[in-house]
Amino acid sequence: MACNYTAGFGIGQDSVINLDHGDPTMFAPFWKEVGDDATVKISGWEKMSYTSSCDDDICWFLEPEFANEVARLHRIVNNAATDGRYIIVGVGSTQMIHATLHALASIELRHPVNVVSAAPYYSMYPGIVDLMKSGLYHWAGDAAAFRGDDNFIELVCSPNNPDGAIRHAMLGKEAGKRVHDMAYYWPQYSPMRGPADHDIMLFTLSKATGHAGTRLGWALVKNKEVAREMAKFITLNTIGVSKDSQVRAATILKVISDGYEFPKPNGAPQFFHFGQHKLADRWRRLRRAVQESGQFSLPRFSPEFCEFFKEYAETYPGFAWLRCEDQKINDCEDFFKRINVLTRSGKHFGVGQEYVRISMLDTDANFDVFIKRISSLD
Ligand SMILES: Cc1ncc(COP(=O)(O)O)c(C=O)c1O
């Protein structure tokens, strides 16, 4: 079968632009400019063991250099408390979500535990939760509509995928359990409001640095028993996490941190500044095209003081949560499909199909074509 998808070059008038996934290829030019400093060499004899060289009795597969760079970057950005937290590494934050649900539900006495998230929620949550058809937990939908008792786990995504909103737990603090998915709590997307201090916080290299292919996520966990259960899940699921990936991730995180702690005199680019400028430019162009079309709307955000940039900053989500305002358009995803732009319908996020989620993180070439197509709508 012919593949009509073009990844950034030679994009024809009719090419299909895939903005359905949040593939963070937008960050590639930064890493190209960094060059060899971010290149990793692992000799044939290195990193062969299942175990790591750290003496962490809970996360026995955690590479110490990766753990150190995670803690260092959080300290520099000041976006999450790490002191006294257990760091658990996983194959993307997708595996971390599975591990967290397993750990929290295992500790609960009554099963299945209801797993909820406020709509619009990250479209993968229902599938992840129900994938194993576990007897321990099951997907119970929109947190706002939950009428059950205290037997729940609330997934709180903040800043939220798909709409970029800052989210707080919706269900009672005293009851149930909460997991904070903080994939987008980084300065390129959102003003930093100080260190988050939740019981379980999930992060991913995919959205922090753009290295989705490295498949690495991590959790900061307060409770030792929960951390131990999460590590047990990863032990039984994949017998740990690639050492090669952890070494690469440590190098990538180190380049970002060094860029702020030891800035080069020649004004070399700094990662969060690069990301924020790029997203600011894309959002400016998208807002203009949307306004001129008169057919759509986008969420609005007020500037807030950013503790990292030390100035007022705008919010630039990794996705545009776009609403088709034209009454004649019933299915916004289908509308965009007709102009060869693949988006993800609101129905996957627990809301109506007048909404679509559009990735803002794709290549420059694909983003340019997308803007051209919106701008040339009648
Ligand atoms: C909110 C949220 N959580 C988790 C993930 C999964 O990330 P990973 O690539 O680390 O599995 C994503 C990816 O898009 C996401 O947007």
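Visitor: Is W186 buried or exposed in this structure?

Guide: This is a predicted model, and in it W186 is buried, with a relative accessible area of 0%. A residue counts as buried when that value is under 20%.

Visitor: Which residue forms an aromatic pair with W186?

Guide: Aromatic rings pair when their centres lie within 6.5 Å, and planes over 60 degrees apart count as edge-to-face. Here W186 pairs with F203: the rings are 5.7 Å apart centre to centre, with 65° between the planes, so the pair is edge-to-face. F203 is buried too, with a relative accessible area of 0%.

Visitor: Where do W186 and F203 lie along the chain?

Guide: W186 lies in the loop between β6 (177–181) and β7 (200–204), while F203 is in strand β7, so their pairing ties together parts that are 17 residues apart in sequence.

Visitor: How many aromatic pairs does the count come to?

Guide: The count is 28 aromatic pairs. Take F30 and F274: their ring centres are 5.5 Å apart and their planes meet at 55°, so this pair is tilted. F30 belongs to helix α1 (residues 28–34) and F274 to helix α8, so the pair ties together parts that are 244 residues apart in sequence. F30 is also buried, with a relative accessible area of 3%.

Visitor: Let's turn to the ligand. Which residues are around the ligand?

Guide: A residue joins this group if one of its heavy atoms lies within 4 Å. The residues are G92, S93, T94, Y122, C157, N161, D181, Y184, T204, S206, K207 and R215. By class, that shell holds three nonpolar, six polar and three charged residues.

Visitor: What lies 2.7 Å from a nitrogen atom of the ligand?

Guide: A polar side-chain atom of D181 does. As for the ligand's oxygen atoms, a backbone N or O atom of S93 is 2.6 Å from one, and an N or O atom in the side chain of Y122 is 3.5 Å from one. On its own the ligand has 400 Å² of accessible area, and the protein covers 93% of that.

Visitor: Which elements give two or more residues to the shell?

Guide: Those are α3 (92–107) and α5 (205–208). The most comes from α3, with three residues.

Note on methods
Residues are numbered from 1 along each chain as its sequence is written. This is a predicted model: local features need pLDDT of at least 70, side-chain atom pairs count only at pLDDT 80 or more; totals for chains, interfaces and linings use all residues. Side-chain values use heavy atoms; hydrogens and water are left out. A polar contact is a pair of N or O atoms within 3.5 Å; within protein, one must be able to donate a hydrogen and the other to accept it, and residues adjacent in sequence count only if both atoms are side-chain atoms. Accessible areas come from the Shrake-Rupley method with a 1.4 Å probe; for residues, only the protein chains shown count as cover. Helices (H or I, at least four residues) and strands (E, at least two) are DSSP runs, numbered from the N terminus. Ala, Val, Leu, Ile, Met, Phe, Trp, Tyr, Cys and Pro count as nonpolar, Asp, Glu, Lys and Arg as charged, and the others, Gly among them, as polar. Rings of Phe, Tyr and Trp (its six-membered ring) pair if their centres lie within 6.5 Å; planes under 30 degrees apart count as stacked, over 60 as edge-to-face and the rest as tilted. Buried means under 20% relative accessible area, exposed over 50%, partly exposed in between (1.4 Å probe, protein chains only).
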